[in-house]
Amino acid sequence: DSGRGSLGHVDLQSGRYEPIVELPGFTRGLDFAGNLAFVGLSRLRASTVAGGIPLAGRLKPEESQCGVWVVDINRGQIVAFLKFAGNIREVFAVALLPGIRYPQITGDDAALIGNSFVLPEEALQQVPETLRSAGARCI
């Protein structure tokens, strides 16, 4: 429930939303790993506060957080979080990358993109074991 800054579930019998946990930001983006929910949070905007959403009644914009929070959905507890600082104020999506050890965000750096490549699994098998790390796919 983004407007309340909460994570919950819908009771299929009653059709009612039941919150599991309240979080310190506007909730957007969600992915799961077992009983762990990875929830993206955005900071409140001034326009959101003026819009009268319930979260704005609970938090001031400067109290809201941006980042990814990890919630144990069985216990309804926050077990970890990663706060984004500086100019990063919003998260729009969250996606887990199973099996990926060294993900990178390249942005629009043309030189970096131009000098990056992925080594296919078939080619990686030809690299001597002593020169490769287990699971590495990007060089």
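Mentor: Two strands pair if DSSP finds at least two bridges between them. Helices (H or I, at least four residues) and strands (E, at least two) are DSSP runs, numbered from the N terminus. The model is predicted: local features need pLDDT of at least 70, side-chain atom pairs count only at pLDDT 80 or more, and totals for chains, interfaces and linings use all residues. Residues are numbered from 1 along each chain as its sequence is written, and side-chain values use heavy atoms, with hydrogens and water left out.

Trainee: How many helices and strands does the protein have?

Mentor: Read along the sequence. The pattern is β-β-β-β-α-α-β-β-α-α. The count is four helices and six strands.

Trainee: Which residue in β2 is the bridge partner of leucine 7?

Mentor: Look at β1 and β2. They pair in the antiparallel sense, over five bridges. Leucine 7 has its bridge partner in β2, and that partner is valine 21.

Trainee: What is the phi of glycine 15 in the turn?

Mentor: β1 and β2 form a hairpin, with six residues between them. Glycine 15 sits in the turn. Its phi is positive, at about 80 degrees.

Trainee: Is leucine 12 buried or exposed?

Mentor: Leucine 12 lies in the loop between β1 (6–10) and β2 (17–22). Buried means under 20% relative accessible area, exposed over 50%, and partly exposed in between (1.4 Å probe, protein chains only). Leucine 12 has 82% relative accessibility, so it counts as exposed.

Trainee: What is the area of the nonpolar surface patch with Leu12?

Mentor: Patches are made of residues with over 30% relative accessible area and no salt bridge; like charges are joined within 9 Å, and nonpolar side chains (Val, Leu, Ile, Met, Phe, Trp, Tyr) within 5 Å. Accessible areas come from the Shrake-Rupley method with a 1.4 Å probe; for residues, only the protein chains shown count as cover. Val10, Leu12 and Tyr17 make a patch of about 320 Å².

Trainee: By how many degrees are neighbouring strands of the open sheet turned against each other on average?

Mentor: The sheet has four strands in the order β3-β4-β5-β6, with antiparallel pairing. Its edge strands, β3 (26–33) and β6 (77–83), each pair on one side only.

Trainee: Which residues does isoleucine 78 touch?

Mentor: Isoleucine 78 is found in strand β6. It has a relative accessible area of 36%, so it is partly exposed. Contact means heavy atoms within 4.5 Å. Not counting residues up to four places away in sequence, isoleucine 78 touches Val21, Glu22, Leu23, Trp69, Val70 and Val71.

Trainee: Is threonine 27 buried or exposed?

Mentor: Threonine 27 is in strand β3. Leaving aside residues up to four places away in sequence, it touches seven named partners: Asp1, Ser2, Gly5, Ser6, Val39, Gly40 and Leu41. Its relative accessible area is 6%, so threonine 27 is buried.

Trainee: How many salt bridges does the structure hold?

Mentor: Side chains of opposite charge can pair when their charged atoms come close. A salt bridge is a side-chain nitrogen of Lys or Arg within 4 Å of a carboxyl oxygen of Asp or Glu. One of them joins aspartate 1 and arginine 4 (3.2 Å, N to O). The structure holds five.

Trainee: How many residues apart are arginine 28 and glutamate 90?

Mentor: Their side chains meet in a salt bridge (3.6 Å, N to O). The pair links distant parts of the chain: arginine 28 in strand β3, and glutamate 90 in the loop between β6 and α3 (110–114). The separation is 62 residues.

Trainee: What percentage of the residues in the protein is buried?

Mentor: The protein has 139 residues. Its accessible surface comes to about 9400 Å², of which 57% belongs to carbon and sulfur atoms. Buried residues make up 23%.
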